[in-house]
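Please keep the picture open while going through the points.

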Amino acid sequence: MNEGWANLSPKDGFLVTQQAYLSNFDQKVLTYLYQPIIGAKAFSLFLTLWTEMNPVGMRSERKSHLELLDILNCDLPEFYTSRQKLEGIGLLKSYEGEDSLGHFFVYQLGKPVLPDSFFKDDLLSSLLLEAVGERRFSELADHFKLIQTNVKDLKNVSTDFLTAFHISEQALKEPNSLIRETQAEFKKAGQDSKPAQINLGNPNFDFSLLKELLSKGFTKWDSVDEAQKLILSEHLLYGLDEVEMARQIGQATDLVTAELNTKKLQQQIAKNFTAHQGQNQKYVDTPGPLEKAKANNNTGLTKEDQELIKAAKAYAPATYLENLKRSIHGGYVTYSERQLLKNLIDRNLFPISVINILISYIVIDREITTLPNKLVDTMANNWSRAHVTTPEGAILQIKNFASAKATTRKQVTQSRRVVAKETLPDWAKSDNTATTTKVNKDDQARLNKRLNELRKQHKEDK
């Protein structure tokens, strides 16, 4: 669990290095496939860091984050949120340090996966599909699809290397010492063009138990193992435990090949959720040591708060929101809300219980029927800045905000009264209450008479 952007200052320095070689084709992949998922701001941050890359990596030549914020025209919370998206999707690694010049960060740019790997990845392809829709998704897949020509019936007449290039046998057997030294340097530097993997954290899901449950069926484990990221994502959003996930996987398994059909699995889980079949699905939100320590401080929490916390820990966000809506408004969870919750989960800012408290505040306290993207982002930024990591802390944050808002409103009201009292002219200070009351009553009587006439006329017209 990160501590938010509060430990980041515009004065902090930064350096940019690269984990792998980046090309113009990588930028094309980023533009078409990654940008719809991470958003324009995170995409702009990646390109800006790319231009600020320092191949030498000398710490003494680092720039400040203030320069970076000026280029991006954003504030620290926006920068931090964009940075998290790049980190979460495997495009950036951030390292923090301190030296004689002060606090600094090293940002290591990662390489986007190749298009074929992107579309084979369940999590990435699912995020893209949800972001752009089926029509655009198919267009992008066709755009990056390599057209293979059938050459089985053709003869290969290509020239081999040694025919095209002449090199002495001695040079092949004993390469120059400079070549050996350079090879050793590259090997030591660990140059690796393999893209960074997406990190979903360490959720409370036991794949060993899932494998044991599936061993009683006919689903091939290899196909399930390849879909781990997708399974974790569905688990976090909908709260499916190992037993229920095994059942869903069994139903989404191809009867002929015994392979897991990931697309069918996603559709199946979403359909079951929409039909309210997952309404009673419990979710165990296991806090870490830091969360447990903070949770022991329950000062200012009522019995109702404790009950709310208990419920927030028991359900996954999608199920929690569904139950909340049905009990209050009688509504349903929209596609955009599920996408919003998925994005919030992927940011890894808070445990599931804190996200549920945020949902409760918006739906119950603010009486908003559909979660607004802007409000959720604002609250998430504020809570991250305040280091909210437990449901108890989330409730106290809400109470403190309400208290501060009420105090401000009271001060503004009192100020207005003082100004009004001091600026009243002499004629307005005379006692005209009786006259005013009499006129108001006369006006009201005339208004009521007119309304009755209109109602009577309306009935006659019918």
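1. A place to begin is Glu 337, which is buried, because its relative accessible area is 0% and a residue counts as buried under 20%. Please bear in mind from the start that this is a predicted model. Glu 337 has its place in helix α18, which covers residues 335–347. Leaving aside residues up to four places away in sequence, Glu 337 touches Leu 321, Lys 325, Tyr 332, Thr 369, Thr 370 and Leu 371.

2. Just after α19, Glu 367 takes a positive phi of about 55°.

3. The next point concerns the sheet. Strands of a sheet pair through backbone hydrogen bonds, either parallel or antiparallel. Here an open sheet of four strands has the order β2-β1-β4-β3, and its pairing is mixed. Strands β2 (63–64) and β3 (92–99) stand at the edges with a single partner strand each, which means that one side of each is left without a neighbour in the sheet.

4. β1 and β2 pair in the antiparallel sense over two bridges, and Gly 13 stands opposite Ser 64 in β2. β1 and β4, by contrast, pair in the parallel sense over six bridges, with Leu 109 in β4 as the bridge partner of Gln 18. β3 and β4 (residues 102–109) pair in the antiparallel sense over eight bridges, and Asp 99 stands opposite Gly 102 in β4.

5. Which strands does helix α2 touch where it packs on the sheet? Helix α2 (residues 40–51) touches β1 (13–18), β3 and β4, and its direction makes about 105° with that of β4. Helix α4 (residues 76–88) lies across β3 and β4, and runs at about 125° to β3.

6. The aromatic residues deserve a separate look, and the structure holds eleven aromatic pairs. Phe 118 and Phe 119 form one that is edge-to-face, with 5.6 Å centre to centre and 70° between the planes. Are these two residues buried or exposed, or partly so? Phe 118 is buried, with a relative accessible area of 0%, whereas Phe 119 counts as partly exposed, at 22% relative accessibility.

7. Phe 119 also pairs with Phe 137: the ring centres are 5.5 Å apart and the planes lie at 80°, so this pair is edge-to-face, since planes over 60 degrees apart count as such. The pair links distant parts of the chain, with Phe 119 in helix α5 (residues 115–120) and Phe 137 in helix α6 (residues 122–144), 18 residues apart. Phe 137 counts as buried, at 18% relative accessibility.

8. Finally, ring pairs also link Phe 14, Phe 79, Phe 105 and Tyr 107 into a cluster.

How values were computed
Residues numbered from 1 in each chain as written. Predicted model: local features only at pLDDT ≥ 70, side-chain atom pairs only at ≥ 80, totals over all residues. Heavy atoms only, no water. Pairing = 2+ DSSP bridges. Contact = heavy atoms within 4.5 Å. Axes fitted to C-alpha atoms, helices over the stretch in contact; angles between N-to-C directions. Phe/Tyr/Trp six-rings, centres within 6.5 Å; stacked < 30°, edge-to-face > 60°. Buried < 20%, exposed > 50% of the residue type's maximum accessible area, 1.4 Å probe, protein only.
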